[in-house]
Structure formats: structure tokens, C-alpha cells
Amino acid sequence: MNYSIIVPFFNEEGNVSILNEEIIKVVTSKEIGDRVFEIIYVDDGSTDNTYNNLTSLNNPKNIPTTIIKHRRNIAQSVAILSGKKKANYNNLIFLDGDLQNDPQDIPKIIKKFEEGYDMIVGWRKNRQDPFFSKTLPSVIANFLIRLFTSSKIHDHGCALKVLKKEIFDEIIEWGADFHRLLAARAADMGFKIFEMPVNHRSRKNGKSKYGFSRIIKVMMDIIYLGFLKNK
């Protein structure tokens with residue numbers, strides 16, 4: 001099977017080369033077998049050296065790599081969509097550019113995906129984040145999502161996912177944070193989804209872009225989701 005790995009970045013200059021090396025090491029490992037990969041990096045309007053670092057990456061294994069630049073910071077969801085539009089393959093892998101997702105989880109999630117699922121969602125069961133500024137808002141947001149949708153997923157905010165591109169053909173794209181409700185929306189539409197624990201690492205470089213404001217964004221998208229379901 002072939003996979004497009006999509007990674008959005010916003011002011012992550014210290015993480016670019018490290019993450020690229022980790023991804024290339026994983027996708028060229030014996031564990032991957034004969035699967036084929038491409039990498040799509042999306043710079044969502046960074047104001048630091050993220051884009052320059054992306055264009056200077058070393059790729060000794062010649063993995064096909066595309067770099068997309070947004071003129072301004074729009075939203076992580078838009079960055080993901082930009083990557084999806086450039087993807088050559090029908091199976092997509094998402095992960096964040098902040099190094100908190102572990103690329104070494106990729107082999108196990110794609111193996112589960114290939115059992116016949118439409119989407120595999122990572123679960124940061126042992127989350128390595130400050131409790132009040134990041135973990136608590138996430139807990140509240142996930143509770144609200146489960147309350148107002150048919151999703152039973154614990155961690156809708158985990159960026160690490162593998163899914164079929166065709167899901168986007170049936171799901172209306174909405175909101176600056178719609179990627180957080182992607183699994184819930186897919187669950188409502190009857191797609192086969194599996195959640196599995198993945199490694200979560202503490203942030204070493206850069207600053208977090210999320211906090212309690214995430215709850216407001218999630219609530220707005222849940223309200224919009226309600227309108228969609230009633231159409």
C-alpha cells in the first residue's frame with residue numbers, strides 16, 4: 001500500500017530537521033516492508049525559520065517530498081487540507097510538527113489500518129503535557145465531543161492518524177479546527193474507526209499554540225456539526 005504523510009508546521013524551526021530524520025528512518029526501515037511513502041510538509045505562515053529549514057532538509061533516501069508554503073497563518077485544518085490536495089496516494093497519515101507525536105508509531109498504526117479500517121486514531125493515553133494549560137482543556141473538549149456525537153473516541157485531539165482519503169469526499173470541511181472533529185464526523189457517518197494508544201512525548205522546542213481557547217473552537221464546530229446533521 002502507498003501512503004502520503006502530511007505534517008503541518010507553524011513556528012517549529014527547532015523541530016523540522018529532527019522530525020524529518022525520524023520519519024525517513026521509520027519509512028525506510030525493514031518493518032515497513034515494500035510500502036511506498038511520500039512526505040508533504042505544510043508551513044502554515046511561520047514567522048521564524050521553519051520554511052527555510054524545510055527547504056534545506058537533507059533527504060539521503062530520496063523519499064519524494066513536497067513543501068507547501070502558506071503566505072500567512074490560517075489554521076492547522078487548512079494546512080492539512082493543503083497537504084491532502086497535493087497527496088498522490090489514497091491513504092493519508094497525519095502527525096504534528098512539534099515532535100510530540102512519535103513517528104515510530106507509524107508501522108503499528110498502518111498495520112492495524114490494513115486490517116480493514118477506514119481510520120486509525122492515536123490515543124495519547126499517557127500524555128506528556130502540562131495538566132491545566134493543555135491536558136484539562138483537552139479532557140473537557142473530548143467530553144463535549146462524545147456528548148454531542150456518536151463517537152466513543154477518548155482523544156479526538158491526537159494529530160496522529162491514518163485514514164482513507166475518500167473520507168474527505170463525504171465529509172464537509174468546516175471551521176478552523178475541524179480536524180479535531182474529523183473522527184467524530186466520520187463515526188457519525190458510519191466509517192469504521194479504531195483508536196489505539198500511541199507514544200506521546202513532551203515538547204522540547206517551540207511553544208504550544210493551544211489552551212482553553214480550544215474549547216470555544218470545539219463548541220463552535222459542534223454547533224455547526226449539529227446543523228449539518230439536521231440538513
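Reader: Is Asn62 buried or exposed?

Author: This is a predicted model, in which local features need pLDDT of at least 70 and side-chain atom pairs count only at pLDDT 80 or more, while totals for chains, interfaces and linings use all residues. Residues are numbered from 1 along each chain as its sequence is written, and side-chain values use heavy atoms, with hydrogens and water left out. Buried means under 20% relative accessible area, exposed over 50%, and partly exposed in between (1.4 Å probe, protein chains only). Asn62 has a relative accessibility of 64%, so Asn62 counts as exposed.

Reader: What is the phi of Asn62?

Author: Asn62 sits in the loop between helix H2 (50-55) and strand S3 (65-70); helices (H or I, at least four residues) and strands (E, at least two) are DSSP runs, numbered from the N terminus. Most residues other than glycine have a negative phi. Asn62 is a residue other than glycine with a positive phi, near 55°.

Reader: What is the phi of Leu99, and is Leu99 buried or exposed?

Author: Leu99 lies in the loop between strand S4 (91-94) and H4. Its phi is positive although Leu99 is not a glycine, with a value near 75°. The relative accessible area of Leu99 is 10%, so Leu99 is buried.

Reader: Which residues of H4 are buried?

Author: Six of the eight residues of H4 are buried, so H4 is largely enclosed by the rest of the structure. The buried residues of H4 are Ile106, Pro107, Ile109, Ile110, Lys112 and Phe113.

Reader: How many Å separate the C-alpha atoms of Tyr117 and Phe194?

Author: Tyr117 is placed in the loop between H4 and S5. With a relative accessibility of 14%, Tyr117 counts as buried. Tyr117 and Phe194 are 77 residues apart along the chain, and their C-alpha atoms are separated by 7.1 Å.

Reader: Which residue does Asp118 meet in a salt bridge?

Author: A salt bridge is a side-chain nitrogen of Lys or Arg within 4 Å of a carboxyl oxygen of Asp or Glu. At 3.1 Å, N to O, the side chain of Asp118 meets that of Lys164.

Reader: Why does the pair of Asp118 and Lys164 tie together separate parts of the sequence?

Author: Asp118 lies in the loop between helix H4 (106-113) and strand S5 (119-123), and Lys164 is in strand S6 (residues 161-164). The pair therefore ties together parts whose separation in sequence is 46 residues.

Reader: How many residues apart are Arg201 and Glu22?

Author: The structure holds 11 salt bridges, one of them between the side chains of Arg201 and Glu22 (2.9 Å, N to O). Arg201 is in the loop between strand S7 (193-197) and helix H8 (213-229), and Glu22 is in helix H1 (residues 16-27). This pair links distant parts of the chain, and the separation is 179 residues.

Reader: How much space lies in the largest cavity?

Author: On a 1 Å grid over the protein atoms alone, a cavity is a set of points where a 1.4 Å probe fits but cannot get out; a pocket is an open set with protein on both sides within 12 Å along at least five of seven lines, and lining residues have an atom within 4 Å of a point. The structure holds two cavities of 30 Å³ or more. The lining of the largest cavity includes Pro8, Phe94, Cys158 and His179. Grid points are joined across faces, edges and corners, and a volume is the space filled by probe spheres set on the points; for the largest cavity this is about 70 Å³.

Reader: Which helix gives the largest share of the lining of the second largest pocket?

Author: The second largest pocket has a volume of about 150 Å³, and its lining includes Trp123, Ser138, Arg146 and Asp155. By class, that lining has two nonpolar, four polar and five charged residues (Ala, Val, Leu, Ile, Met, Phe, Trp, Tyr, Cys and Pro count as nonpolar, Asp, Glu, Lys and Arg as charged, and the others, Gly among them, as polar). The largest share, five residues, comes from H5.
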